[in-house]
Amino acid sequence: MADFNVTKREVGDVSILDVNGFLDAHTAPDLENAFNNLIENKNYKVVINFSGLKYISSAGLGVFMAYVETMRDNGGDIKFSNLKDDVYNVFDLLGFPMLYEFYKSEDEAIAKYNRAK
Amino acid sequence: MDKTNNKKIENAFFVSVLLFVFKIIFPSANTFILLLINEILILASAYFWFIYVSDFVNPKVSKPLSLVINAGLLNALLFFLMSASSWLFSGLKNSTDLIYVLFSSIIAFVFIGALSYVFAVYKKLCFYRQKKNPSLYYKIMLIFFALTALASAFFKADKTVEGLKVVLPDSNSLIYNILFAITVSLILANSFRVAWIAFLNKKQKINLLMLSIAIIFISGMNSANDNFIFIKNFSPALNQLLDLVMLYGLLYFIIVFFITLFHLPTAEVIDRKNEELSSFKDISKMMSQVFDSEELYETITSTTLKVSNANASWLVINNNDDTTIHSVKGIGLIEAKQLSDFLLGRKIVSSSEAKIIDITEVKGKEDLPKDIYTIVSAPLSIHNSNKGYLFAARKTYYRFEEEDSKSVSTFADFAAIALENTKLLEESIEKERLEKELDVARDVQYKLLPQKIPEYKNLDIAALFVPAFEVGGDYYDFFEIDKNKFAVVIADVSGKGIEAAFIMAEVKGIFSSLSKLNFSTKELLIKANSILERSLPKKIFVTVTFGIIDTKEEKFTFVRAGHSPLLYLSDNNISRLVPQGIGLGLNFTEKFDNLLKEMEIKLNNNDIIILFTDGINETLNEYFEEFGYDRLEKLIFENRHLSADQISKSIMKAITTFSKNRSQHDDITLVILKWNNNINKPGVN
């Protein structure tokens with residue numbers, strides 16, 4: 001299957017992960033590594049920018065579930081932004097929007113963090 | 001081989017016994033004929049023993065130095081015997097005495113044996129690594145040995161030494177002198193066959209120098225020693241033979257000594273060539289060592305020590321994010337780590353070529369191990385991607401030369417290939433293991449699914465399940481609650497493979513036991529969620545649609561926990577039902593309970609309920625387009641008049657056509673329930 005990659009940016013004390021390509025059971029470990037790095041560096045405020053993501057499978061969704069607790073316990077969160085409709089539908093069907101914050105743009109997500117301070 | 005060997009020893013024994021018997025009958029051979037027979041027997045037994053002993057020298061031919069040591073020891077034995085015999089025989093004046101004959105015979109045989117062996121060794125050395133066949137010269141020399149020995153017996157002068165009558169070769173005899181001179185020149189001619197020296201390594205050459213000095217000394221002593229009178233009396237020819245062999249040893253080893261001495265400065269070059277040769281063997285061994293990476297690391301570093309003449313060697317292997325050190329030799333692990341971290345961290349090593357690094361000239365070396373002076377680093381590269389580094393280090397002031405760096409670099413190239421092969425093999429073994437695991441998972445999944453579709457009045461049920469190659473975690477089931485009610489469940493465990501299969505098994509257990517307890521659909525899912533809290537891994541969730549059909553009340557009640565929509569066709573209208581509810585495992589608080597909403601459908605004749613997993617709508621075609629809900633709904637609508645089973649088949653057919661050349665990446669599960677009052681025949685109730 002097509003490739004997946006994740007890159008990290010920082011805006012203030014918020015870490016942005018840009019996810020690109022296809023996130024499934026095979027590529028999920030890459031995203032897990034990125035999260036482990038964030039935790040190692042004590043970056044708990046995370047925004048996932050989905051603008052480059054083409055597909056997400058259930059294994060990909062599971063990654064967020066595995067890390068959200070750690071982030072929230074340390075005063076951070078995982079917020080989602082820039083989801084394409086079909087990717088959002090997958091989250092929506094599962095009930096993610098009732099448990100996680102979704103934003104149209106990355107800036108809104110960052111602003112939410114900054115407002116909370 | 002054994003047969004000819006037996007024959008050789010038979011010959012030697014026969015002649016020896018003959019000689020012994022002859023000596024007992026004629027203790028002193030004082031006529032010409034007797035002396036001739038005596039000497040011929042002596043020479044013959046020496047010759048046959050020599051032939052026999054040569055076979056024992058053969059197998060050792062690959063170790064010339066051990067041959068030299070043996071020759072040296074036997075020379076020393078002869079020296080000892082000669083020194084001892086003059087003292088031993090000083091009491092036995094009468095040479096015709098039986099005891100004297102017995103003793104002298106024994107000693108003579110020891111002499112013959114030792115001489116034969118020494119001579120056989122010399123011969124082997126002479127023939128060793130010779131390209132031309134030297135045997136003709138050698139044969140001529142042997143003949144002259146015999147002739148000179150015989151001549152010494154017949155052209156002799158009787159003398160008296162220390163009161164004893166002895167025979168000595170007549171130094172005035174022209175024939176004897178000519179023969180002797182020819183023999184000596186033949187010895188000299190044959191003594192230049194020393195090709196074997198070139199193939200010794202430096203250490204062996206130094207040893208050979210010592211041994212040569214010892215043999216020259218002993219042979220010289222033996223040759224100069226005139227005190228073994230009894231041998232002379234026993235057989236002048238044997239005495240002469242002894243002298244000649246000693247002379248041969250003396251001359252040969254003088255030449256060996258000087259040639260070795262001249263070879264010494266170039267010995268290291270020979271050593272290096274030899275090492276290179278043997279490292280080729282190591283390389284081929286290494287290339288076949290693909291089954292155990294630890295073993296391979298060992299071979300790589302130990303061979304590196306050899307090819308570069310280094311004191312220490314170790315490997316640094318790149319993993320995904322970090323590096324690991326392997327097979328550290330000749331240096332501590334901590335020191336090796338310090339050095340490689342330092343060199344890699346400061347980018348002193350190059351990932352494209354081998355480099356010689358002079359630690360003494362590096363800045364910031366203060367924290368580095370003090371005993372390492374020079375290092376060669378060679379990258380392990382495959383297709384221009386760097387897999388790690390091979391290090392060799394010296395604890396001496398001798399800097400690594402270009403040549404060393406070249407050989408380490410060449411060797412590193414081979415090592416990289418071998419490492420890559422090992423990795424590929426390990427991966428394919430891992431792949432095979434995963435495939436086996438998937439077989440098990442698939443098997444578990446099949447056994448969890450209902451073996452047959454239940455039959456209810458007014459209800460036409462069909463189910464379809466197509467597993468993906470990697471088990472997807474789909475599950476469906478039916479449970480009878482009472483005679484009017486039955487439950488249907490469809491679920492999808494996130495994740496794949498054996499893990500998904502095990503969770504599926506647990507989910508089946510939870511549903512089959514809870515469904516007996518007469519909960520509402522919502523209550524049942526809330527219970528299921530709280531049970532799963534204990535066992536579900538954080539990143540795994542389960543989407544479920546659980547419904548109960550009440551055939552008496554003619555209604556369908558269901559809840560949806562994060563699962564795909566339920567399609568409902570009624571009155572020529574198809575709708576996507578998505579009551580609120582989050583997946584099992586997403587949240588274990590009241591949030592889950594509060595968000596879960598139950599939905600009820602009144603069942604009318606020909607109503608169709610379709611439950612499915614995302615494997616259907618997410619099926620991709622060759623343009624990466626999804627099958628989607630719309631196609632599915634249209635298909636169902638068009639086939640609404642068919643039986644549940646026929647609808648299911650038409651869906652399967654459409655999906656297969658749609659995905660054509662693409663492999664199915666998720667399980668496909670479909671359950672169709674068609675409510676049909678018309679099949680309710682009177683009397684069956």
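Predicted model: local features only at pLDDT ≥ 70, side-chain atom pairs only at ≥ 80, totals over all residues.

Residues are numbered from 1 along each chain as its sequence is written, while chains are lettered from A and ligands numbered from 1 in the order in which they are written.

**Stop 1: chain A.** Colour chain A by secondary structure and you get four helices and five strands; helices (H or I, at least four residues) and strands (E, at least two) are DSSP runs, numbered from the N terminus. Follow the sequence and the pattern reads β-β-α-β-α-β-α-β-α. Of the 117 residues in chain A, 43% are buried (20 or more other C-beta atoms within 10 Å of the residue's own, with C-beta atoms placed from the backbone).

**Stop 2: where A meets B.** Now show both chains: 13 residues of chain A are in contact with 16 residues of chain B (C-beta atoms, placed from the backbone, within 7 Å). Which helix gives the largest share of chain A's side? Select α2(A), which supplies seven residues. The side of chain A that touches chain B has ten nonpolar, three polar and no charged residues. Here Ala, Val, Leu, Ile, Met, Phe, Trp, Tyr, Cys and Pro count as nonpolar, Asp, Glu, Lys and Arg as charged, and the others, Gly among them, as polar.

**Stop 3: two helices in chain B.** Select residues 32-57 (α2) and 98-127 (α4) of chain B; these helices pack at an angle of about 55°, with their axes 8 Å apart. (Axes are lines fitted to C-alpha atoms over the stretch in contact, and angles run from 0 to 180 degrees between N-to-C directions.) That angle makes α2(B) oblique to α4(B), as the label covers whatever is not under 35 degrees (roughly parallel), over 145 (roughly antiparallel) or 65 to 115 (roughly perpendicular). Show side chains too: B:Trp49 and B:Phe50 are among the α2(B) residues here, and the α4(B) ones include B:Tyr117 and B:Phe119.

**Stop 4: strand β16(B).** Last, select residues 608-612 of chain B: five of the five are buried, so the strand is largely enclosed by the rest of the structure. B:Ile608, B:Ile610 and B:Phe612 point one way, B:Ile609 and B:Leu611 the other. B:Tyr568 stands opposite B:Ile609.

Conventions. Buried ≥ 20, exposed ≤ 12 C-beta atoms within 10 Å, placed from the backbone. Pairing = 2+ DSSP bridges. Contact = placed C-beta atoms within 7 Å.
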